[in-house]
Amino acid sequence: MSKSIPDSEIINKVISALDTNANKLASDLNYSSHMSIYLIVKGTNKISKGFKERLIMKFPQVNYNYLSTGEGAVLLNDNETQAQMNIFNIPGKDTSLSSFL
């Protein structure tokens with residue numbers, strides 16, 4: 001799968017959609033340093049499979065396909081979120097978008 005947009009743009013759109021910032025996202029994902037996120041934002045590092053999995057485990061409404069390809073919606077609707085949770089074996093919780101904003 002080739003990406004239609006750079007990883008830096010993908011992560012910036014995710015950060016914006018989650019109404020957060022790189023430092024807070026790093027903290028939410030239990031990174032010991034915010035540099036992991038900033039290096040993706042700056043375009044120095046790519047989005048790794050491990051990062052994508054960590055992100056959707058914490059924020060299951062983020063579209064894994066978008067993270068992988070840059071195509072589609074950044075955030076999934078409730079039904080799509082539930083389907084993604086089933087695919088990735090994410091334990092059930094309130095997945096309505098309002099619970100994450």
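A nonpolar core is a set of buried Ala, Val, Leu, Ile, Met, Phe, Trp, Tyr and Cys residues joined through side-chain atoms within 4.5 Å. Buried means under 20% relative accessible area, exposed over 50%, and partly exposed in between (1.4 Å probe, protein chains only). The model shown is predicted: local features need pLDDT of at least 70, side-chain atom pairs count only at pLDDT 80 or more, and totals for chains, interfaces and linings use all residues. Residues are numbered from 1 along each chain as its sequence is written, and side-chain values use heavy atoms, with hydrogens and water left out.

**Figure 1. The protein chain has 6 helices and 0 strands.** Helices (H or I, at least four residues) and strands (E, at least two) are DSSP runs, numbered from the N terminus. In sequence order the pattern is α-α-α-α-α-α. Of the 101 residues, 40% count as buried. Among contacts (heavy atoms within 4.5 Å) with a separation of 6 or more, 51% join residues 24 or more positions apart.

**Figure 2. The largest nonpolar core has 24 residues.** Val14, Leu25, Ile37, Phe51, Leu55 and Val62 have the most contacts inside this core. Two or more residues come from each of H1, H2, H3, H4 and H5, and H1 gives the most, with 4 residues. In soluble globular proteins, nonpolar side chains tend to be buried together.

**Figure 3. Helix H4 (residues 49-58) has the buried residues Phe51, Lys52, Leu55 and Ile56.** Seen down the axis of H4, these buried residues fall within an arc of 125 degrees, so they line one face of the helix; the arc is that of the directions from the helix axis to the C-beta atoms. An α-helix has 3.6 residues a turn, so residues three or four places apart point the same way. The cover over the buried residues of H4 includes helices H1 (7-17), H2 (22-28), H3 (35-41), H5 (64-69) and H6 (78-87). Leaving aside neighbours within four places in sequence, Leu55 is in contact with Val14, Leu25, Leu29, Val62 and Leu67.

**Figure 4. Tyr31 and Phe51 form a stacked aromatic pair.** The whole structure holds 2 aromatic pairs. Rings of Phe, Tyr and Trp (its six-membered ring) pair if their centres lie within 6.5 Å; planes under 30 degrees apart count as stacked, over 60 as edge-to-face and the rest as tilted. For Tyr31 and Phe51, the distance is 6.3 Å centre to centre, with 25 degrees between the planes. Tyr31 lies in the loop between H2 and H3 and Phe51 in helix H4, so the pair ties together parts that are 20 residues apart in sequence. Phe51 is buried at 3% relative accessibility, while Tyr31 is partly exposed at 22%. Arg54 lies over the face of Tyr31, at 4.1 Å from the ring centre; a charge sits over a ring if NZ of Lys or CZ of Arg is within 6 Å of the ring centre and within 35 degrees of the ring normal.

**Figure 5. Tyr64 and Phe88 form a tilted aromatic pair.** Their ring centres are 4.8 Å apart and their planes stand at 45 degrees. The pair links distant parts of the chain, 24 residues apart: Tyr64 in helix H5 and Phe88 in the segment after H6. Tyr64 is buried, with a relative accessible area of 17%, and Phe88 is partly exposed, with 25%.

**Figure 6. Asn30 has a positive phi, near 65 degrees.** Most residues other than glycine have a negative phi. Asn30 is placed in the loop between H2 and H3 and is exposed, with a relative accessible area of 66%.
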